[in-house]
Amino acid sequence: MEEKSINELQKLGFSKYECKAYIGLLKSPSITGYELSKQSGVPRSMIYEVLGKLLDKGAIQTVPSDPIVYVPVNPKQLLTRLREELNTSFESLEESLNALESDQKIDVISRIFQYDHIVQEMISMIRDAKKEIWLSAWSHIVATIEVPIREKEKDIPIFAVLFGAEDVSFGHTYHHNYMPPEIVSERMGGYLTILIRDNEEALIAKFSDRGSEWAIKSQDPALVLVATEYIRHDIMVEEVINAYGPEKLEKLWKSREDLIHVMTGKKRPE
């Protein structure tokens, strides 16, 4: 038991001799430094230095007498004070470290590979969201994240553009119907998926039928802004097409070489 107490006190910043001296006083309070040295095993040449450090730590007190005797502070009282001091230190440290980190983390971009890892990152972001979620996703991705999305649906606004998931709807959902999904996926070489959390963090992923998935995740304000504006733009285009009809859009882009390139990623066939 004594050895365990020594180990735990050392974790709180006490030296081994300080631990032995304090425990010695718990066993035999109101003794002199000389007597404590003999009982605790602290060398006599060091006992008064050790007692001075324990006094500074508020672990012991002196009783005026000749010679001076020492008494320990009640363990419960000592540990309560140490706990309060540690909590204050942790709070202060957390605040100061966060302040130091804020300017450094802006440009950090995490790169994620493998389907399962990307999906897990998306689920974590969704569950961490406190204010709002913006999402652009394809049907097979929607199926993997639908449960956490449903959990957030009743608490925060969700704006989602969905490709090929006509039977799914949550929050404010807009189904991308003005162009066949295969044209979009061919142009992109896969299935582009975007998730933004609280206007603070963005994940951009590309899934592929060939199994070469990748994603980036960042809190960089520029990347978050561009990703959010991408989804906003898709939502507005979808609503305009719903209002005026897809035929007019198709006639427009198919009649102009520049828009064919914009919409399909290819030039008009010769």
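Tutor: Rings of Phe, Tyr and Trp (for Trp, the six-membered ring) form a pair if their centres lie within 6.5 Å; planes under 30 degrees apart are stacked, over 60 edge-to-face, and the rest tilted. This is a predicted model: local features need pLDDT of at least 70, side-chain atom pairs count only at pLDDT 80 or more, and totals for chains, interfaces and linings use all residues. Residues are numbered from 1 along each chain as its sequence is written, and side-chain values use heavy atoms, leaving out hydrogens and water.

Student: How many aromatic pairs does that rule give here?

Tutor: The count comes to four aromatic pairs. One of them joins Trp134 and Phe159, which are stacked at 4.5 Å centre to centre, with 15° between the planes. Trp134 sits in strand β4 (residues 133–138) and Phe159 in strand β5 (residues 158–163), so this pair ties together parts 25 residues apart in sequence. Strands are DSSP runs of E with at least two residues, helices are runs of H or I with at least four, and both are numbered from the N terminus.

Student: Are Trp134 and Phe159 buried or exposed?

Tutor: Buried means under 20% relative accessible area, exposed means over 50%, and partly exposed is in between (1.4 Å probe, protein chains only). Both Trp134 and Phe159 are buried. Another pair, Trp138 with Tyr191, is edge-to-face: the centres are 4.9 Å apart and the planes make an angle of 70°. This second pair links distant parts of the chain, with Trp138 in strand β4 and Tyr191 in strand β7 (residues 191–197), 53 residues apart. Trp138 is buried at a relative accessible area of 5%, and Tyr191 is buried at 15%.

Student: Which residues form one aromatic cluster?

Tutor: Trp138, Phe163 and Tyr191 do.

Student: Let's turn to charges. How many salt bridges does the structure hold?

Tutor: The general idea is that side chains of opposite charge can pair when their charged atoms come close. The cut-off is a side-chain nitrogen of Lys or Arg within 4 Å of a carboxyl oxygen of Asp or Glu. The structure holds 16 salt bridges. In one of them, Glu121 meets Lys217, with the closest N and O atoms 2.7 Å apart. Because Glu121 lies in helix α6 (residues 115–128) and Lys217 in strand β9 (residues 214–218), the pair ties together parts that are 96 residues apart in sequence. Glu121 is partly exposed at 26% relative accessibility, whereas Lys217 is buried at 17%.

Student: Which helix holds both Arg150 and Glu153?

Tutor: An α-helix has 3.6 residues a turn, so residues three or four places apart point the same way. Arg150 and Glu153 both lie in helix α7 (residues 139–153), three residues apart, about one turn of the helix. Their side chains meet in a salt bridge of 3.4 Å, N to O. Arg150 is partly exposed at 32%, and Glu153 is partly exposed at 31%.

Student: Which residues are linked in a network of salt bridges?

Tutor: Glu121, Lys131, Arg197, Asp198, Glu200, Glu201 and Lys217 are. Glu201 and Arg197 form a salt bridge in which the closest N and O atoms are 3.1 Å apart, and both of these residues are buried.

Student: Now a loop residue. Which residues does Ser30 touch?

Tutor: Contact means heavy atoms within 4.5 Å. Leaving aside residues up to four places away in sequence, Ser30 touches Val69, Tyr70 and Val71. Ser30 is placed in the loop between α2 (16–27) and α3 (33–40), and its relative accessible area of 44% makes Ser30 partly exposed. From C-alpha to C-alpha, Ser30 and Val71 are 4.9 Å apart in space, though 41 residues apart in sequence.

Student: Which residues of α2 are buried?

Tutor: They are Glu18, Cys19, Ala21, Tyr22, Ile23, Gly24 and Leu25.

Student: What does the whole chain look like in terms of helices and strands?

Tutor: The chain has eleven helices and nine strands. Of its 270 residues, 39% count as buried. Among contacts between residues at least 6 apart in sequence, 53% join residues at least 24 apart.
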